Amino acid sequence: MEQGLGPQAVAFALDRLGPVMAPEDGAISALSRLTGGASLETWAFDLATAQGPRPLILRRRDAVEDTIFSTSLPLATEAALLERASAAGVPVAGLVRLCEEADGLGEAYIVTRIAGETLGRRIVAAESFAPARALLGAQAGQALAAIHRIDPAGLPPLETLDARGSLARYEAIHRRIGAQRPVLEAAFRFLDREAPPPVAPQLVHGDFRNGNLIVDPDKGLVAVLDWELAHLGDPAEDLGWLCVNSWRFGETALPVGGFATLEALLDAYRAAGGDSPPVSRVRYWQMLGSLKWAIVCLMMYESFASGEERTMERAAIGRRLSECEVDLLALMQEVA
């Protein structure tokens, strides 16, 4: 697999691939890298076609992850999930090409580029997004119901993970890091004691939250992003994750992403065919989501402190661990 491709190498590979995607023209322009990370890259570019420029996104893996922290799906699996989700009526970016070895881009795929906002703070606070906020609670419920209705039998191989499995995974990471955090210890014990019984596994997005949604100021939800953590499990996991306080971006009175009430989400979920779980089950997964994000914050700090990733983003996210601990204490008190 190609690794460590710089902008010139990516541009060269796309220039060769362009005529395959658009034989009548195929010229590539406006290439820019949007995000970075330890392994995944996102590039925006335009493809010239007979109908005019077509805005596209390249998503590729730059390195192989082989640590205990690695949970991302192969990009071929992500691409297959995008196609299944689109067929089920979930708003997603349309798959244009699953890249082959001869394309020179390594593990990668190309999708349509959809206009809209992904910054959670802007979505919950900007006046221009007020019309979208009026729609988002219902749209999120409808999208999640569509995801959870997808027949697992027709999906590519996916891990099955229930509450205790998820707890075990993140506790193993916590032990590997070796941090001494009494609030996290209490949360692990509390959640182990209160874990709900397993349910029939359904497709779970795994990271459905404000920040992974493309939102149009007037139309609301136009695409669900970042399927790399999808698995089979309890659909209440997605509902609870969307309610984690960190994804409200300061609008704490509205538990669903900072833009809607839980009642609005569950009403729309049920109306769209979702098997609505008890609120207590959603609250459990919200708390487990807060614990998972606390561990991720701890991982970010450790990668910065060790010198592995000397970026201010890693350091800043690491500082948010204390916010998660406050959330966990409040949730444990609420449930108790």
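Over the ring of which residue does the charged end of arginine 209 sit? In this predicted model, the ring in question belongs to tryptophan 247, and the charged end of arginine 209 is 4.1 Å from its centre.

**Close-up 1. Charged ends over the rings of tryptophan 247 and tryptophan 241.** Arginine 209 places its charged end over tryptophan 247, at 4.1 Å from the ring centre. The charged end of lysine 292 sits over the ring of tryptophan 241, with a distance of 5.2 Å to the centre of that ring. Both tryptophans belong to a cluster in which ring pairs link Trp241, Trp247 and Trp293.

**Close-up 2. The aromatic pair of tyrosine 284 and tryptophan 285.** Three aromatic pairs are present in the structure. One of them joins tyrosine 284 to tryptophan 285 in an edge-to-face arrangement. The centre-to-centre distance is 6.1 Å, and the angle between the planes is 90°; an angle over 60 degrees counts as edge-to-face. Tyrosine 284 and tryptophan 285 are both buried.

**Close-up 3. The hairpin of strands β2 and β3.** Strand β2 spans residues 40-49, and strand β3 spans residues 52-61. Two residues lie between these strands in the hairpin. The strands run antiparallel and are joined by 10 bridges. Within this pairing, leucine 47 has arginine 54 of β3 as its bridge partner.

Close-up 4. Buried here denotes under 20% relative accessible area.

Notes
Residues are numbered from 1 along each chain as its sequence is written. This is a predicted model: local features need pLDDT of at least 70, side-chain atom pairs count only at pLDDT 80 or more; totals for chains, interfaces and linings use all residues. Side-chain values use heavy atoms; hydrogens and water are left out. Rings of Phe, Tyr and Trp (its six-membered ring) pair if their centres lie within 6.5 Å; planes under 30 degrees apart count as stacked, over 60 as edge-to-face and the rest as tilted. Buried means under 20% relative accessible area, exposed over 50%, partly exposed in between (1.4 Å probe, protein chains only). A charge sits over a ring if NZ of Lys or CZ of Arg is within 6 Å of the ring centre and within 35 degrees of the ring normal. Helices (H or I, at least four residues) and strands (E, at least two) are DSSP runs, numbered from the N terminus. Two strands pair if DSSP finds at least two bridges between them.
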